[in-house]
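Please give a short tour of this structure for someone who has not seen it before. Keep the sentences brief and take one region at a time.

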Amino acid sequence: MSRYLFDNADDQTRERFSVLESRYDPWSRKALENTGVGPGWRCLEVGGGGGSLGDWLGERVGPDGEVLVTDLDPRWAVQRQLPANVRLLTHDITRDPMPGDGDFDLVHARLVLLHLPERTRVLERLTGALRPGGWLVLEEFDCGWTPVLATPDGEAGALFERVHGALLEALGQAGAEPLWGRQVVGEMMRAGLEGVTATTYAETWAGGGQGIKLHRANIEQAARRAGEAEIRIGAMRIGDTWLGDGELRRFLELLDDPGFVVNSYPMVSARGRRVAGAGVGA
Ligand SMILES: C[S@@+](CC[C@H](N)C(=O)[O-])C[C@H]1O[C@@H](n2cnc3c(N)ncnc32)[C@H](O)[C@@H]1O
């Protein structure tokens, strides 16, 4: 079973998907446009989450194309009015039989492999789902480059690093690789993809703004999980770090303070093509 930390069943998912959509969809659409995706293409959108990019791909490929959006738990995408050429599938990319016959023109996954301990094997599966010449676009965060850029006081930077560091530990313990963004180009080359290139997008996230709400959604969800698992008076353990109530409270206050500015997670958008004979199938 997947150990995905940010389970879609939790309340914080709505906020997470709303931030991802508003802050990163424009850049993801550019990355996808760079493949030439257009009328008639068959696309696979893996771990489609809220479903916005699946809908957009549906518009791009038109009535002669088709888009299959998969997710371990598609409860959010299912609420959308899906275009006629977009289909949703409940599917675990780590172990369910792969859809299609290795004939997709484009396979896209954003912020999915980062969470999966089996990411290298999943990368092979995605490569095998492509037709020869088909495009794989993987978009992943590099969670290791989020410098604090402005603070309202001398303590805020260190507090952010400590709480955010605990979150990354918890992610690692759930099988995620927070630095996957900086590994993905090399891994795609190792998987036999051709012409692998990437662009990376980052911006400032100020307290009270839209982007920084991702930190709130993530820490609140991790804290809720930690509360269920291990808590003692006035503190809870996230990753290997015990955080006091005061630290969590101050962290959340900072996220609302316009004087606090942090770099967004850089999103590495990597793309490459399957060469004839490459990939290992499902
Ligand atoms: C961080 S969210 C990203 C959602 C969407 N791709 C985006 O960028 O807005 C990760 C998504 O991957 C899905 N997911 C996690 N493990 C999965 C698996 N083993 N197979 C398919 N989807 C999975 C989750 O349910 C969730 O919707």
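What is the order of the three strands in the open sheet? The order is β6-β12-β8, and the pairing is antiparallel. The model is a predicted one.

## The open sheet

Strands of a sheet pair through backbone hydrogen bonds, either parallel or antiparallel. In this open sheet the pairing is antiparallel. Strands β6 (148-150) and β8 (204-206) stand at the edges. Each has a single partner strand, so one side of each is left without a neighbour in the sheet. From one strand to the next, the twist averages 30°.

Now take the pairing of β8 with β12. Strand β12 covers residues 261-263, and three bridges join β8 to β12. The two run antiparallel. T204 stands opposite N263 in β12.

## A residue in strand β8

A206 is found in strand β8. Is A206 buried or partly exposed? Its relative accessibility is 32%, so A206 counts as partly exposed; buried would mean under 20%.

Which residues does A206 touch, leaving out those up to four places away in sequence? They are I212, P258, F260 and V261. One of these, P258, lies 52 residues from A206 along the chain. Even so, the C-alpha atoms of A206 and P258 are separated by 5.4 Å.

## Two crossing helices

Two packed helices are described by the angle between their axes and the distance between the axes. Here the pair is α4 (residues 156-173) and α7 (residues 245-254). Their axes come within 10 Å and cross at roughly 110°. That angle makes α4 roughly perpendicular to α7, because angles of 65 to 115 degrees count as such. The crossing of α4 past α7 is left-handed.

Which residues meet where α4 and α7 touch? From α4 come A156, L159, F160, R162, V163 and H164. From α7 come E247, L248, R250, F251 and L254. The residues of this contact divide into seven nonpolar, one polar and three charged.

## A covered helix

Helix α2 spans residues 52-61. How many of its 10 residues are buried? Eight are, and the helix is mostly covered. The buried ones are S52, L53, G54, D55, W56, L57, G58 and V61.

What covers these buried residues? The cover includes helix α1 (12-33). It also includes the strands β1 (42-46), β2 (66-71), β3 (86-90) and β4 (104-110). Just after α2, G62 takes a positive phi of about 70°.

Key
Residues numbered from 1 in each chain as written. Predicted model: local features only at pLDDT ≥ 70, side-chain atom pairs only at ≥ 80, totals over all residues. Heavy atoms only, no water. Axes fitted to C-alpha atoms, helices over the stretch in contact; angles between N-to-C directions. Helix = DSSP H or I, 4+ residues; strand = E, 2+ residues; numbered from the N terminus. Parallel < 35°, antiparallel > 145°, perpendicular 65-115°, else oblique. Left-handed = near helix turned anticlockwise from the far one by under 90°. Contact = heavy atoms within 4.5 Å. Nonpolar A, V, L, I, M, F, W, Y, C, P; charged D, E, K, R; others polar. Buried < 20%, exposed > 50% of the residue type's maximum accessible area, 1.4 Å probe, protein only. Pairing = 2+ DSSP bridges.
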